[in-house]
Structures are given as structure tokens and as C-alpha cells.
Amino acid sequence: MKNIIHICQMSFGTLVLGLMAIVGIVFLSGCTKDTLDIQENFPFEVKVMPVPKDIALGETVEMRISIISTGEYAENKYHIRYFQNDGQGTLRYFDHKPYLPNDLYPLMQKEFRLYYTSESFVAQNFDVWISDSFGNEKQLSFQFNNKKLGPIIIGPVR
């Protein structure tokens with residue numbers, strides 16, 4: 001009787017080990033891909049620090065901008081372009097030459113500063129477009145009113 005119980009225990013143990021081996025082989029053979037899926041295209045948001053509402057002729061306004069992505073992919077590059085809707089002015093990155101409207105320029109960093117200099121006495125409005133290598137694009141709109149300067153009085157002071 002003890003022999004029969006011992007044989008049954010050994011058979012049950014062998015059966016469990018055999019089932020575990022079969023399940024393991026099925027799971028391992030279920031991976032048919034030779035390469036891993038790597039996500040390259042990550043959506044992004046653009047954050048802008050507040051800027052003044054008014055600008056005078058010749059005055060320069062600094063715009064601090066951050067690109068916030070949901071992930072990182074080393075080959076992804078960001079670009080910038082702008083279009084002046086109303087008024088006149090120049091937009092530039094740090095100490096670079098002013099941007100030309102609708103031309104595409106590479107962005108070297110995800111946190112940067114743009115400088116807009118007014119060249120007119122009227123309200124000014126322009127759009128900045130930031131895009132990545134995968135066609136994702138964000139639009140920023142900036143509007144500045146003409147800063148009213150007080151009257152200039154020329155004459156003797158008493």
C-alpha cells in the first residue's frame with residue numbers, strides 16, 4: 001500500500017513539473033517579435049511665462065518658453081517659425097539674427113527665451129509655431145498694445 005501511495009505522489013509531482021514546463025514553453029514561444037517596440041512620437045505642451053501687455057516703439061520684450069514632452073526620444077528635434085499678423089517688429093532667439101517670418105529655425109534647447117522688439121506705433125500681433133520631427137505642432141499667439149508715452153514738452157523749465 002505504501003508503494004502505491006509513493007508511486008502516486010511521484011506521478012503527481014512529475015505531472016505538475018511537466019505541466020509547468022509546457023506552460024513555460026508556450027509563454028516563451030508566444031514572443032514572436034524579434035525587436036522591441038520603441039515609442040518615438042511623444043506629444044508635447046508649450047508653457048510661456050507671462051509677458052507685458054503694452055510695448056513702445058523700440059522696446060524689447062522677453063518671452064520665456066518651455067517645451068514639456070510626455071517622453072524623451074533622442075532623435076526628436078524641435079523647430080520654430082513665426083508670422084507677424086499686425087504691426088511690425090522683430091523676433092529673435094537670444095543673440096542670434098532676427099527670424100524671418102514663416103522660415104523654419106531649429107531649437108537647440110527645450111527651455112529658451114525669445115526677444116521681440118517693437119518697430120511700430122500701433123498694436124502688434126504675431127503667432128509663434130513650435131513643431132517637432134513627427135509633425136506635432138503648437139501655436140502661441142502674442143498681442144501687444146501700443147504703450148502710450150506721456151507728452152513731450154520742450155521749453156524752459158521754471
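This is a predicted model: local features need pLDDT of at least 70, side-chain atom pairs count only at pLDDT 80 or more; totals for chains, interfaces and linings use all residues.
**Entry 1: strand S4**

I began with strand S4, which spans residues 78–86. I looked up its partners and found strand S6, residues 105–107, running antiparallel to S4 and joined to it by three bridges. I then found strand S8, residues 124–132, which also pairs with S4 in the antiparallel sense, over eight bridges.

I picked isoleucine 80 to follow across the sheet. Its bridge partner in S6 is tyrosine 105. In S8 the bridge partner of isoleucine 80 is isoleucine 130.

**Entry 2: aromatic pairs**

How many aromatic pairs does a search of the whole structure find? I noted eight. I took down two of them in detail.

The first entry is phenylalanine 44 with tyrosine 78. The ring centres are 5.3 Å apart and the planes stand at 90°, so I filed the pair as edge-to-face, the cut-off being over 60 degrees. Phenylalanine 44 sits in strand S1 (residues 44–48) and tyrosine 78 in strand S4, 34 residues apart, so I wrote the pair down as a link between distant parts of the chain.

Are these two residues buried or exposed? Phenylalanine 44 has 2% relative accessibility and counts as buried, because the limit is under 20%. Tyrosine 78 is buried as well, with a relative accessible area of 8%.

Next I looked at tyrosine 93 and phenylalanine 112. Their ring centres lie 6.1 Å apart with the planes at 45°, so this pair is tilted. It also links distant parts of the chain: tyrosine 93 is in strand S5 (residues 89–93), phenylalanine 112 is in strand S7 (residues 111–118), and 19 residues separate them. I checked burial here too. Tyrosine 93, at 13% relative accessibility, counts as buried, and phenylalanine 112 counts as buried at 6%.

I also recorded one aromatic cluster, formed by Tyr82, Tyr116, Phe126, Phe142 and Phe144.

**Entry 3: the largest pocket**

I looked up the largest pocket and wrote down a volume of about 160 Å³. Its lining is made up of 13 residues. Which of them lie nearest the centre of the pocket? I listed Asn76, Lys77, Tyr78, Leu107 and Lys110. By class, the lining residues divide into five nonpolar, four polar and four charged.

Tyr78 ties my entries together: this residue is in strand S4, its ring pairs edge-to-face with that of phenylalanine 44, and it lines the largest pocket.

Terms used. Residues are numbered from 1 along each chain as its sequence is written. Side-chain values use heavy atoms; hydrogens and water are left out. On a 1 Å grid over the protein atoms alone, a cavity is a set of points where a 1.4 Å probe fits but cannot get out, and a pocket is an open set with protein on both sides within 12 Å along at least five of seven lines; lining residues have an atom within 4 Å of a point. Grid points are joined across faces, edges and corners, and a volume is the space filled by probe spheres set on the points. Ala, Val, Leu, Ile, Met, Phe, Trp, Tyr, Cys and Pro count as nonpolar, Asp, Glu, Lys and Arg as charged, and the others, Gly among them, as polar. Two strands pair if DSSP finds at least two bridges between them. Helices (H or I, at least four residues) and strands (E, at least two) are DSSP runs, numbered from the N terminus. Rings of Phe, Tyr and Trp (its six-membered ring) pair if their centres lie within 6.5 Å; planes under 30 degrees apart count as stacked, over 60 as edge-to-face and the rest as tilted. Buried means under 20% relative accessible area, exposed over 50%, partly exposed in between (1.4 Å probe, protein chains only).
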